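Open the model in your viewer and keep the sequence panel beside it. The tour below goes from one selection to the next.

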Amino acid sequence: MTTPAAAPLAAGPALTGRRRAGRRTRARSIGPVFIAPYVLFTLAFGLAPAVYALVLAFTDADGAFVGIANFAKVIGDYRFFADVGHVALYLVIWLVSLLVLVVLLALLVHGIRSRRVSAVFRLLYYIPGALAGASSVLLWLFVLDPSASPVAPLLHALGFQSFNQTIAPANLPAIFAIIAFWTGAGGWIVVLFGALNNISVDVMEAARLDGANAVQIATRIQLPLMRKWIAYMSVLSLAAGTQLFVEPTLLSQASNAVVPNDYSLNQLAYQYAFAQNDFNGASAIAVLLLIVSIALSALFVWRGGLFSTEDA
């Protein structure tokens with residue numbers, strides 16, 4: 001009498017298990033379809049140009065193998081180490097300000113109790129990032145000109161009376177870092193805000209019940225749990241920062257060469273390729289940039305545990 005009644009009950013979990021297995025199978029089959037365009041574009045516009053640049057870097061104009069001759073040539077260029085210093089100083093200012101201020105602003109916005117006020121601040125931070133890089137630089141041309149700037153009193157107080165004084169080469173690393181922060185920080189604040197939302201409410205409440213204040217919660221709970229996202233931000237910002245090109249190029253054109261047209265390594269590579277018709281030397285610079293970027297990114301990934309599978 002009990003066997004016929006028990007059969008449907010036993011069939012229910014089995015049927016549910018088959019449905020779940022079917023969904024997982026469909027998900028696995030659909031996944032490659034979604035990533036296929038990304039893989040194709042990565043191969044066509046990422047890996048293939050990198051391989052081509054690598055080939056050019058070790059050959060001459062006739063295609064003959066020349067070893068490290070192209071690297072020795074560009075490193076021996078009197079402009080090379082000056083450009084390395086420009087980019088390195090810019091990266092230090094940019095990354096330090098990003099790591100400190102973006103994390104701090106994300107924590108402050110996340111701490112706002114009113115969701116509406118928090119959303120307004122996130123929108124205000126994000127708006128500058130909607131401008132393209134070239135457009136933002138054109139906007140900053142007016143901001144940096146004491147005769148037209150809305151912050152002219154501040155520029156005058158700092159001793160800048162003309163546009164050329166403001167964009168003197170000694171000031172450029174800080175100026176480029178400010179422009180980069182203005183355009184890129186808002187998006188990262190939104191990303192880190194999302195990371196903070198993933199932290200368990202129970203963990204936060206338990207810390208408050210134990211008497212932890214806001215600073216202790218931030219340093220002992222939130223920052224350690226945000227480590228992977230901070231590492232992710234550092235890697236992408238480093239990759240973008242080493243490609244400094246648009247900002248100094250536009251400032252060079254706007255200042256009648258007060259800013260040199262070979263200020264950054266990317267500009268120097270451009271000069272090799274299109275002013276000196278030396279694509280092999282330009283490729284050598286590109287490969288050197290790639291090596292340094294990969295090495296520094298690997299350091300951030302290792303220290304930040306970006307690919308760690310351990311639970312936070």
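Are Asp77 and Arg79 buried or exposed? Select the two residues: both Asp77 and Arg79 are buried. Keep in mind on this tour that the model is predicted.

**Stop 1: the salt bridges**

Stay with Asp77 and Arg79 and show their side chains. They form a salt bridge, in which the closest N and O atoms are 2.9 Å apart. Asp262 is buried, as is Arg79.

How many salt bridges does a search of the whole structure find? The search finds four. For another one, select Glu205 and Arg208, whose side chains meet at 3.3 Å, N to O. Because they stand three residues apart in helix 9 (residues 201-209), about one helical turn separates Glu205 from Arg208. Colour by accessibility here: Glu205 is partly exposed at 39% relative accessibility, and Arg208 is partly exposed with a relative accessible area of 34%.

**Stop 2: helix 13**

Select residues 265-274, which make up helix 13. This helix is mostly covered, with eight of its 10 residues buried. The buried ones are Leu265, Asn266, Gln267, Leu268, Ala269, Gln271, Tyr272 and Ala273.

Next, move to Asn277, in the loop between helix 13 and helix 14. Its phi angle is near 55°, a positive value in a residue other than glycine. Asn277 is exposed, with a relative accessible area of 61%.

**Stop 3: the largest nonpolar core**

Select Tyr90, Trp94, Val102, Ile167, Leu172, Leu192 and Leu251. The largest nonpolar core has 58 residues, and these seven touch the most other members. Which helix gives the most to this core? Helix 8 (residues 172-197) does, with 12 residues.

Centre the view on Trp94. Leaving aside neighbours within four places in sequence, Trp94 is in contact with Ala177, Ala180, Phe181, Ser237 and Gly241.

**Stop 4: two contacts across the sequence**

Select Val258, in the loop between helix 12 and helix 13. At 28% relative accessibility, Val258 counts as partly exposed. Apart from neighbours within four places in sequence, Val258 is in contact with Asn164, Ile167 and Pro169. Draw a distance from Val258 to Asn164: the two are 94 residues apart in sequence, and 6.9 Å apart in space from C-alpha to C-alpha.

Then select Leu56, which is found in helix 1. Is Leu56 buried or exposed? With 18% relative accessibility, Leu56 counts as buried. Setting aside neighbours within four places in sequence, Leu56 is in contact with Asn70, Phe279, Asn280 and Ser283. The C-alpha atoms of Leu56 and Asn70 are separated by 9.1 Å, and the two residues are 14 residues apart along the chain.

**Stop 5: a nonpolar surface patch**

Switch to a surface view and select Ile30, Val33, Phe34, Ile35, Tyr38, Val39, Leu43, Leu47, Val51 and Val55. Together they make a nonpolar surface patch of about 1000 Å². One of them, Val39, is in helix 1 (residues 2-57). Val39 is partly exposed, with a relative accessible area of 37%.

**Stop 6: the annotated spans**

Which residues does the UniProt annotation "transmembrane region" cover? The unreviewed entry gives residues 33-55, 87-111, 123-143, 174-196, 229-246 and 282-302. Select residues 87-111: this span is 96% helix and 0% strand, and its end C-alpha atoms lie 35 Å apart. Finish with residues 229-246, where the end C-alpha atoms lie 27 Å apart and the span is 78% helix and 0% strand.

Methods. Residues are numbered from 1 along each chain as its sequence is written. This is a predicted model: local features need pLDDT of at least 70, side-chain atom pairs count only at pLDDT 80 or more; totals for chains, interfaces and linings use all residues. Side-chain values use heavy atoms; hydrogens and water are left out. UniProt positions are given in the numbering used here, feature names are shortened, and annotations may be inferred rather than shown by experiment. Helices (H or I, at least four residues) and strands (E, at least two) are DSSP runs, numbered from the N terminus. Patches are made of residues with over 30% relative accessible area and no salt bridge: like charges are joined within 9 Å, nonpolar side chains (Val, Leu, Ile, Met, Phe, Trp, Tyr) within 5 Å. Accessible areas come from the Shrake-Rupley method with a 1.4 Å probe; for residues, only the protein chains shown count as cover. Buried means under 20% relative accessible area, exposed over 50%, partly exposed in between (1.4 Å probe, protein chains only). A nonpolar core is a set of buried Ala, Val, Leu, Ile, Met, Phe, Trp, Tyr and Cys residues joined through side-chain atoms within 4.5 Å. Contact means heavy atoms within 4.5 Å.
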